[in-house]
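Here are a few quick notes to go with the model. Have a look at the structure before reading on.

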Amino acid sequence: MKAMTLSANGGPDVLVLQDVPKPEIKPDQILVKVQAVAVNPIDCKIRKTGAFGYGVGSILGFDVSGTVEQAGALVHNLHVGDAVFYCPDFSLPGANAQYHAVRADIVAKKPTHLGYVEAASVPLTALTAWASLMEQGDLRLGQTVLIIGASGGVGSMAVQLAHAAGAYVFAVCSAANVGLVRSLGADRVIDRQSEDFAAVIQKEAGTVDLVFDCFGDTYASRSIPIVKPMGRIITIVDPKGDLSLGYRHNIAIHYVSLAFDSIRRRVDDMKIIAKLLDREILKPVVHKVMPLENLADAHRALESGGGFGKIVLTVSH
Ligand SMILES: NC(=O)c1ccc[n+]([C@@H]2O[C@H](COP(=O)([O-])OP(=O)(O)OC[C@H]3O[C@@H](n4cnc5c(N)ncnc54)[C@H](OP(=O)(O)O)[C@@H]3O)[C@@H](O)[C@H]2O)c1
């Protein structure tokens, strides 16, 4: 089969098209004929650093849609021909290829109203947003939330979830993406290039119950003064700056990591994400679509910024 593999760890040019053997499945796995794969910042980080042991010959790609080609003897929830979508495990081969082997329990049936491109754009970011806001963040009806990086892959899912959960949503993004983020359900969009997010919140709300930081840098430490005592800050990117003031303000600060999350939670949460898509509470946000062979361009586009939502690659057979 054709696959995009790493010829080394380094810049986007290390991603090369190769003929590799089709994966063989274990009894609890399915073989998926891949139709579409989305790119995430973690692909770029792994490509550069070799994190999780991905080196020469490895295949990346952690957001997938396709059809079941073959099912192992122990698989009862899926059948040949089913259309599916999922976020594969890190440290195992990814899905930037024509076929991908995956344990069946983390796979959900693709919502019928979504195409393969749209479906592939959702799992990793929606799982992260759900775990951060609804599980670790314990967001409740009527609370106020601040979402940083609101136009990105994770942020665009988080804004929709927070809005659907009945929260008042402050959202930070660049001027170019203000309209998009408002359309996803944000009540007050803060243009990070012309407004100081902490000053806006201080003036308009005083404090928030929850901050979801999808960018990192010093956003978490700068948020501490605008979080209510007993409030929460959730970050998914290593924060910089002094977080110690959070302790004195009685604020809980959590790091959520999909990579180190339990499989049990992945199985349960994918069912919830599929249901939210079915009910159109959550909608995919796709920025660009290109063929898998252009994966290096997709990595370059993601790394250079200036986009929104997801870049998705289509796989031909
Ligand atoms: N821990 C985990 O489990 C986990 C899971 C998923 C992702 N992540 C990490 O979370 C981060 C976000 O992921 P993603 O998929 O949402 O990435 P993404 O799609 O690249 O989105 C990042 C967003 O950050 C915004 N941004 C750029 N410069 C900024 C700045 N100076 N200040 C504030 N915002 C800025 C951009 O929007 P604007 O230009 O419109 O502001 C962009 O849309 C990545 O670092 C990723 O690796 C972690």
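Predicted model: local features only at pLDDT ≥ 70, side-chain atom pairs only at ≥ 80, totals over all residues.

1. What about strand E11 (residues 208-213)? It runs parallel to E8 too, with 4 bridges joining the two. Here Ile-148 finds its bridge partner in Asp-213 of E11.

2. Is E8 (residues 144-148) mostly covered or mostly open? Covered: 5 of its 5 residues are buried. Thr-144, Leu-146 and Ile-148 point one way, Val-145 and Ile-147 the other way, and all are buried. In a regular strand, side chains alternate between the two faces of the sheet.

3. Stepping back to the whole protein, there are 10 helices and 15 strands. The radius of gyration is 20 Å, close to the 20 Å the globule rule gives for 317 residues, so the protein is as compact as a globular protein of that length. The C-alpha trace spans about 60 × 40 × 35 Å along its principal axes.

4. On burial overall, 49% of the 317 residues count as buried. As for contacts between residues at least 6 apart in sequence, 64% join residues at least 24 apart.

Notes: Residues numbered from 1 in each chain as written. Rg over C-alpha atoms; globule rule 2.2 N^0.38 Å. Buried ≥ 20, exposed ≤ 12 C-beta atoms within 10 Å, placed from the backbone. Contact = placed C-beta atoms within 7 Å. Pairing = 2+ DSSP bridges.
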